[in-house]
Amino acid sequence: MAHTTNGYRIFSFFNIILLCLLAALCFLPIVHMFALSFSSRAAATANIVNFWPVGWTSEAYTATLGNKAFLRSLLIAAERTAGGTALSMAVIIMAAYSLSRTSDRFPGRTAYTWFFVFTMLFSGGLIPTYFLVNKLGMMDTLWALILPGAVSVWNLILMLNFFRTLPKELEDAALIDGAGHFGVLARIYLPISMPAVATLSLFSMVGHWNSWFDGVIYMSTMDRYPLASFLHAMVVSENLTQIGVTAQDVANISNRTVKAAQLFIGSLPILLVYPFLQKYFVKGIVLGSVKE
């Protein structure tokens, strides 16, 4: 009956309008960047491109895909995202499974949990972290981009809370049948935790793909920059020849179209991943909620 009242209809109408406006705020900048990347040098320079290409040309993408520096940074970002997400999820899943045990099965679990929480509230800071990475010999390596942030305590807490909502009878039955803890985790917990795993994997992937600051401080040359760091250098730089664009390309195309093309290609992988994880995302976003 509440759904048929005038108040509910008015609320739904304004709610839909608000959500459409928020969706437009997220979607229209991408459309503008896409249109700009396919526009001519004259149109981009005159700033007359809105949401449709003016003077259609693909020269910006030809220059971008022929840029070895850009492709190298794209490969580094892919390696970092794949390796970092796999390592992060492996550590988080195993730690969350252990910490989800009751105190009688895992004495001291509360102390271990607070140890993780403490690292989320307090950190050593940027300079000590830099010195540590340097002393461990990880500078200018992929490990400097993966290991310092391998464990997201926030994701660990979400995974822990999700595991704690699973029926303990399933674990007890598997243990009685002779399964070990790794067997319980792999055969019982993980199959019914795919929404949580997919959601946290998505969070980790987006974090690794978009992270640019660590690449700037841990890599001494642009040849080792991941894509986000490369794009940051590209955006703040007015001289595109420093990031692999030839002088001939600069003469034929606009700086704005090249930057738009590179930014669009850089955002495309994450945009393509979301639809495949959408069916898990809605369920996984309520991690740890009460379930019937």
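I began with a cluster that ring pairs build from Phe34, Phe38, Trp56, Tyr61 and Phe264. For a pair I took rings of Phe, Tyr and Trp (its six-membered ring) with centres within 6.5 Å; planes under 30 degrees apart are stacked, over 60 edge-to-face, and the rest tilted. The model is predicted, so I note the limits: local features need pLDDT of at least 70 and side-chain atom pairs pLDDT 80 or more, while totals for chains, interfaces and linings use all residues. Residues are numbered from 1 along each chain as its sequence is written, and side-chain values use heavy atoms, with hydrogens and water left out.

I counted 13 aromatic pairs in the structure. Phe38 and Trp56 are stacked, because their ring centres lie 4.7 Å apart and their planes meet at 15 degrees. This pair links distant parts of the chain, 18 residues apart: Phe38 is in the loop between α1 (6–37) and α2 (41–46), and Trp56 in the loop between α2 and α3 (59–65). Helices here are DSSP runs (H or I, at least four residues), numbered from the N terminus.

I then checked accessibility, where buried means under 20% relative accessible area, exposed over 50%, and partly exposed in between (1.4 Å probe, protein chains only). Phe38 is buried at 12%, whereas Trp56 is exposed at 55%.

I next looked up Phe70 and Phe230, an edge-to-face pair with 6.0 Å between centres and 65 degrees between planes. Phe70 belongs to α4 (68–99) and Phe230 to α13 (227–236), 160 residues apart. Phe70 is buried at 0%, and Phe230 is buried at 1%.

Which residues touch the most other members of the largest nonpolar core? In this core of 32 residues they are Tyr61, Phe70, Ala144, Leu227, Phe230 and Leu231. A core is a set of buried Ala, Val, Leu, Ile, Met, Phe, Trp, Tyr and Cys residues joined through side-chain atoms within 4.5 Å. Elements giving it two or more residues are α1, α2, α3, α4, α7 (143–146), α11 (194–210), α13 and α15 (255–284). Another core, of 21 residues, lies apart from it and includes Met89, Tyr97, Leu99 and Leu166.

Last, I noted Arg101, whose charged end sits over the ring of Tyr97, 4.2 Å from its centre. The criterion is NZ of Lys or CZ of Arg within 6 Å of the ring centre and within 35 degrees of the ring normal. I also noted that Phe14, in helix α1, is exposed at 53%.
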